[in-house]
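Dear colleague,

Please find below the structure that I am handing over to you, with its sequence. My notes on what was found in it follow directly after.

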Amino acid sequence: MKKSVLLGIIGLAAGMATSYGQGYITLDNYSSGSNSPLTYGAGVPANGVSGAIGSGALSSAWTVGLYFVGGSQTLTDPAGTGIPITPLALGTGTGSTIGIAGGNTGGSLGYYSSVLAFNTGSTTFTTATLELVAYPTVDGSYASAAFRGHSAPFTMATVSATSPTPIFTGDYSAPFSVAAVVAAPEPATLALAGLGGLASLIALRRKQA
Amino acid sequence: MKKTLLIAAAALVAGIVTSEAQVYSANVVGYANVVLPGNGQYTLIANPFDDGNGNHLTNLITSIPGGAASVRSTLFYYPGAPATINKLAGGWGADAILTPGVGFYIRNGAPGGNAPTVTNTFVGTVIPLAGASVTNQIPNGFSLQGSVVPLAGNIAIGGTPGGDANLDYGDSIVSIGAGAGISKLQTWNTALQSPATVNKVFSTGNWGSTVAVTVGQGFWIINQGPNTNMVQTLP
């Protein structure tokens, strides 16, 4: 047991050590040649929480992040408000999120441009498959947001540390909108609602009797 | 706006040569220490001095390990296209001329090879004489640069179109359109081992954030505009 744990730690260290300079991408649709801003869907508050409804391109109250997996994968997951599907995993750390309409875009609504690149950490793949997500910055994460959106999956190249060519997500991802998350009721919730209705019916009959 | 000429890591000596005709020539010489973190990590640097011997890679970078692929160091540079030179057991596999103003990456050892961090000392002469100027060409497209004059400061200042006086690389390039027309400065964050790219915002003509460099640090210029020049003067 101890031996396997030790080997695991060594394996992890080796994996981290070999990740230098591999597989960079940049969260950026401002520098891309072919893209459009991220936008509000119907009925979404401008600040992503409450109040006036937003329209057009997203404001600086929103953040872009990513879910990814190394290599080129064919995934079916239309743009929407759900959690990106497996095997996509949440990207964390340097360059994994960036606010919309920040300084590096000159405050351009709906556009994002990260200064720091994101390292996929892959030593095997020169491509990555991603979905971009957008959520209110105040919510802290895509998963906890009541208003949010994600792109359809797409595959893009990655570059090495010394490449002169930053590679931008906006050149590969179609624009998408944010919307309210519609929670599907769980079976237990439906059962409780049914019991509540039954109790109300019984009480009403007793009162009539 | 702070600018430091040969800060703590560098020392200056003014060498004054006097001829019989009482004509003075003022060369400025000095040195700069640049840290190269080990274990396969990258550093983007530039030679800040003319070493007086042709500025050969084989003379400038000597203290990092060579050998098999599992341990060796590598130079990455950009003489118009990406190029690499490995350091083998017997030394660098080829030579390169690394004059002041040319940026280049050093990968100290190979990932997992446990190469130690080393400090590389550049020694030599500042290229322009005191009071004279030097011009560094900035071509359209990509170029790996470094300040010809060994200065630390801001090559671009966020919210403005340029950088510090005499280190004003930011003012020498422009964005020519939205999207792919945006010019950029890209540095290498050694601590994070990540590139950092700042835009010259097309709509305002200002930099998206400040880009600071130290003496001996290299940087990319992604110039979407025409060929241009950067002129620096040694005070």
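In what follows, two strands are said to pair if DSSP finds at least two bridges between them. Please note also that this is a predicted model.

By that criterion, strand E11 and strand E16 (residues 218-223) of chain B pair in the antiparallel sense, over six bridges. Within this pair, Gly141(B) stands opposite Asn223(B) of E16(B).

The two strands belong to an open sheet of four strands in chain B, whose order is E11-E16-E13-E14 and whose pairing is antiparallel. Strand E11 (141-146) and strand E14 (194-199) of chain B each have a single partner strand and stand at the edges, so one side of each is left without a neighbour in the sheet. From one strand to the next, the twist averages 25 degrees.

Turning to chain B as a whole, its secondary structure comprises one helix and 17 strands. The chain has 235 residues, of which 45% count as buried. Among the contacts in chain B with a separation of 6 or more, 70% are made by residues 24 or more positions apart.

Finally, as regards the interface, 27 residues of chain A are in contact with 31 residues of chain B. The side of chain A that touches chain B consists, by class, of eleven nonpolar and 16 polar residues, with no charged residues.

With kind regards

Definitions and conventions
Residues numbered from 1 in each chain as written. Chains lettered and ligands numbered in written order. Predicted model: local features only at pLDDT ≥ 70, side-chain atom pairs only at ≥ 80, totals over all residues. Contact = placed C-beta atoms within 7 Å. Nonpolar A, V, L, I, M, F, W, Y, C, P; charged D, E, K, R; others polar. Axes fitted to C-alpha atoms, helices over the stretch in contact; angles between N-to-C directions. Buried ≥ 20, exposed ≤ 12 C-beta atoms within 10 Å, placed from the backbone.
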